[in-house]
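Colleague: Hi! Could you walk me through this one?

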Amino acid sequence: MEHRLLDYFLVLAEELHFTKAADRLGITQPTLSHQIKLLEQELGTPLFQRSGKKTYLTSAGNILMEHAQQVHHELAQARLKIGELSGLKRGRLRIGCSGNHLLTESLISFHQLYPDIELTVMELATDETREGLLTNRLDLGVVFLPLEDEQLISRPLFDEELVCIISKHHKLAGIPQISLPELSDVPLILFQQKFLARQMLDQACRQAGVALRPVIELSTMDSQIRMAEQGVGATILPASYAAITRSTDLAIIPLAPAAPRKEVGLVYKKSTFLDPALNQFILHLEARYLQGK
């Protein structure tokens, strides 16, 4: 089986659309269809089925996708190891992060040291980062811990806590701390429930016997900050993000009596080869966060 055919198959399996997949591959749609037919003939079974305008993977297609992804990953790992033997200076890292603010300064300093290493950072929910690592779409995650999975390795960095952020013009802006029951009377702009920071808050509320109901749910910290600035309500965000907020229209209030806390750390797949680029980035990030302990 030609590796090229597997590449074509994987792109089509991701897109489930022949024209879009062909555009990604830089070939024509008829060429892609022909190549997929060759692959199906070689395997003796259909890999895709069409229903109306939609394309679906068959059971055989799902099986092939799982193994083809692993083959693709193993070949990439082999190239990295061979590259290390030949003194590879370039590299590419794909990172999933629970908040880009966690990496901004580290990315700047790392790029200054290693300008030829390509960095791609995606702000994702913790479960999305986990999925990206397990399917080899990501090399590294910076997430809330614990992230329990026998296929992953975790390395702690620091403890994160949640704080209340509110307009400085709000009547509560001057208080030294705020409790969860007090927040029940304040309009709240919160993360959607798939985000771990929201899950941390919800768990603390359950333990305190408090029900907080947001008036707006959003998926980014920046959008929540903008809402708080405009006086729409208060938001509950990680203290590390609040610390870099430069707005003079906001007040940051600690939560009392004990703010919800979780450890933030690095996560990567056990089978991932720590090539020079990935290993150096991990050491760089650990040096930045752990030197303060």
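Modeller: Happy to. First a term: contact means heavy atoms within 4.5 Å. This is a predicted model, where local features need pLDDT of at least 70, side-chain atom pairs count only at pLDDT 80 or more, and totals for chains, interfaces and linings use all residues. Residues are numbered from 1 along each chain as its sequence is written, and side-chain values use heavy atoms, with hydrogens and water left out.

Colleague: Thanks! Which residues in H1 and H2 meet?

Modeller: From H1 there are Asp7, Tyr8, Val11, Leu12, Glu14 and Glu15, and they meet Phe18, Lys20, Ala21, Arg24 and Leu25 of H2. Helices here are DSSP runs (H or I, at least four residues), as are strands (E, at least two), numbered from the N terminus.

Colleague: Now serine 106: buried or exposed?

Modeller: Serine 106 is buried, because its relative accessibility is 0%; buried means under 20% relative accessible area, exposed over 50%, and partly exposed in between (1.4 Å probe, protein chains only).

Colleague: And where does serine 106 lie?

Modeller: In helix H5, residues 104-113. Beyond residues up to four places away in sequence, serine 106 touches His284, Leu285 and Arg288.

Colleague: Switching topic, which strand has isoleucine 252?

Modeller: Strand E11, which covers residues 250-256. Isoleucine 252 is partly exposed, with 46% relative accessible area.

Colleague: What is isoleucine 252 in contact with, leaving aside neighbours within four places?

Modeller: Val163, Cys164, Ile165 and Ala242. Also, the C-alpha atoms of isoleucine 252 and proline 176 are 9.2 Å apart, although 76 residues separate the two along the chain.
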